[in-house]
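Subject: Structure handover

Hi,

Here is the structure I promised to pass on.

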Amino acid sequence: MKSPVAFRLNGSETAVFVDPGANLLDVLRRECGDLSPKYGCGQGSCGACTVLIDGEPHVSCLVLAETVAGRSIETTGGLSNGPELHPLQRAFIEGFAAQCGYCTPGMLMAAKALLDRNPSPTRSEVEEAISGNLCRCTGYEPIIDAILEAARQRGAA
Amino acid sequence: MLEVQTYPTVGEAAGAMDDHARFLGGGTLIMNRVNYGDRRFNRIVRTTDASLSEIRVEGDRLEVGAGVTMAGILASRDLDFLSPAARAVGGPAIRNMASVGGNLMAPHPYGDLAVALLALDAIVRMANGEELSLEEFLASRSGVVRSLLVRRPRGDEFRFRKVSRVKPKGVSVMSMAAHLARRAGRLSGVRIAYGAMAPTPVRVRAVENALEGVSLDHAGITAALSAATEGLAVQDDPIASGWYRREVAPVHLRRLLLGEDAR
């Protein structure tokens, strides 16, 4: 039997019915229509499904959906302000930090959690923040550079 | 069809467990199995009991709720001695989810925190109040854990080391922890634990015995290094072969004991 679950998704009150045992990633994609978090491994190893729950990164494929009742979820789908991209999104585009793009939503959310907590991270802090997110295209360097550039731009704004 | 049952107390949740149920802590183990269609269970049992997330301090004795996450350990000044082991578990997202109780149940080669707790001689308090040594618990890994009881180590007597091929996040080739108590300048009552060197984290008695009464220097630990893998059934897995693990174990044991490039 499905259970009702209500939470905030990118600032909007959301209520859905979820199957028993459903994970948050499936609910976001299938019930809420937010396709920004990606299914990668289904075991928490790749980070493609990373979302923020109450501001902290979680791998949504391993979150039992009904445990997010009353909590605030942020996904890449809510990063931009209308047509205005988030500084991280701009830096990823300008720094060629996405190739196939599959890891990008998870990378962005892991990076957002870092910059929200630590606006001026060191390179090693960025490496640690995205250590749970796999990228098989870029070799990570453009991603790390983009996150550092986004931090610089936010600091200069 | 899967069913999820939520109980207000850990005691009630424990009472609902049977062979077809799995207790959900942080989700990193059980949801993985759900996603991969594991049919060995048809019920997920969970609790909203807030006491599972508490850390209580009584002098040098700490009680760590089974629901405390790796991130919770890293945020606790009282648990700073466990930080190296908690930081060794997954990336930030996993550390926000993975719990102390779940780490005790993690299959080979996972369970780095349990290795540290084993060397610290932690006591497992079950949901029904029963207490047993972590070593006893790991032998059966059954029941619902309420909390872990552990004593804060003094000075530099506790050490932890994780060996992995990928940094900063990587699965263990092996992890090692040591509690190096000393009496009159000699080691006494040493506890050594390994992870990924057996089906569960284990105490390594041969090494402990070889360290009894010796000084903590190159000469003193020679016999212990020779006994580094004595009595262990080391497994092959995709991370490393058993042969490789046995070959490099003495090197990492030496680094752990002598604090060489400690991490």
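Below are my notes on what turned up, starting with the conventions.

Please keep in mind that this is a predicted model, where local features need pLDDT of at least 70, side-chain atom pairs count only at pLDDT 80 or more, and totals for chains, interfaces and linings use all residues. Residues are numbered from 1 along each chain as its sequence is written, while chains are lettered from A and ligands numbered from 1 in the order in which they are written.

**Chain A overall**

Chain A has five helices and five strands; these are DSSP runs, numbered from the N terminus, with helices being H or I of at least four residues and strands E of at least two. Read from the N terminus, the order is β-β-α-β-β-β-α-α-α-α. For 157 residues, a compact globule would have a radius of gyration near 15 Å, and chain A agrees with that at 15 Å (taken over C-alpha atoms; the rule is 2.2 Å times the number of residues to the power 0.38). Along the principal axes, the C-alpha atoms of chain A fill a box of roughly 50 × 30 × 25 Å.

Of the 157 residues in chain A, 48% are buried. Buried here means 20 or more other C-beta atoms within 10 Å of a residue's own, exposed means 12 or fewer, and partly exposed is in between, with C-beta atoms placed from the backbone. As for contacts (C-beta atoms, placed from the backbone, within 7 Å), take those in chain A with a separation of 6 or more: 58% of them are between residues 24 or more positions apart.

**A few spots in chain A**

Helix 1 of chain A covers residues 24-31, and A:L24, A:L25, A:V27 and A:L28 in it are buried. What do they pack against? The buried residues of helix 1 of chain A pack against strand 2 (12-18) of chain A. After helix 1 of chain A comes A:G33, with a positive phi near 75 degrees.

A:D54 also has a positive phi, near 50 degrees, and is not a glycine. It sits in the loop between strand 3 (50-53) and strand 4 of chain A, and it counts as partly exposed because it has 13 C-beta neighbours inside 10 Å.

A:R136 is in the loop between helix 4 and helix 5 (141-156) of chain A. With 10 C-beta neighbours inside 10 Å, A:R136 counts as exposed.

**Where A meets B**

On the chain A side, 24 residues are in contact with 21 residues of chain B. Strand 4 (56-59) and helix 4 (123-129) of chain A are the elements that give two or more residues to that side, and strand 4 of chain A gives the most, with four. By class, the chain A side has nine nonpolar, eleven polar and four charged residues. The classes are: Ala, Val, Leu, Ile, Met, Phe, Trp, Tyr, Cys and Pro nonpolar; Asp, Glu, Lys and Arg charged; the others, Gly among them, polar.

**Chain B**

Twelve residues of domain 1 of chain B are in contact with 17 of domain 2 of chain B. Helix 1 (residues 10-15) of chain B makes up the largest share of the domain 1 side, with four residues. That side has six nonpolar, six polar and no charged residues.

Strand 9 and strand 10 (residues 172-179) of chain B are joined by seven bridges, and B:R159 stands opposite B:A178 in strand 10 of chain B.

Last, the peptide bond from B:H108 to B:P109 is cis, with omega near 5 degrees. B:P109 is in the loop between helix 6 (100-105) and helix 7 (112-119) of chain B.

Cheers

Conventions
Two strands pair if DSSP finds at least two bridges between them. Two residues are in contact if their C-beta atoms, placed from the backbone, lie within 7 Å.
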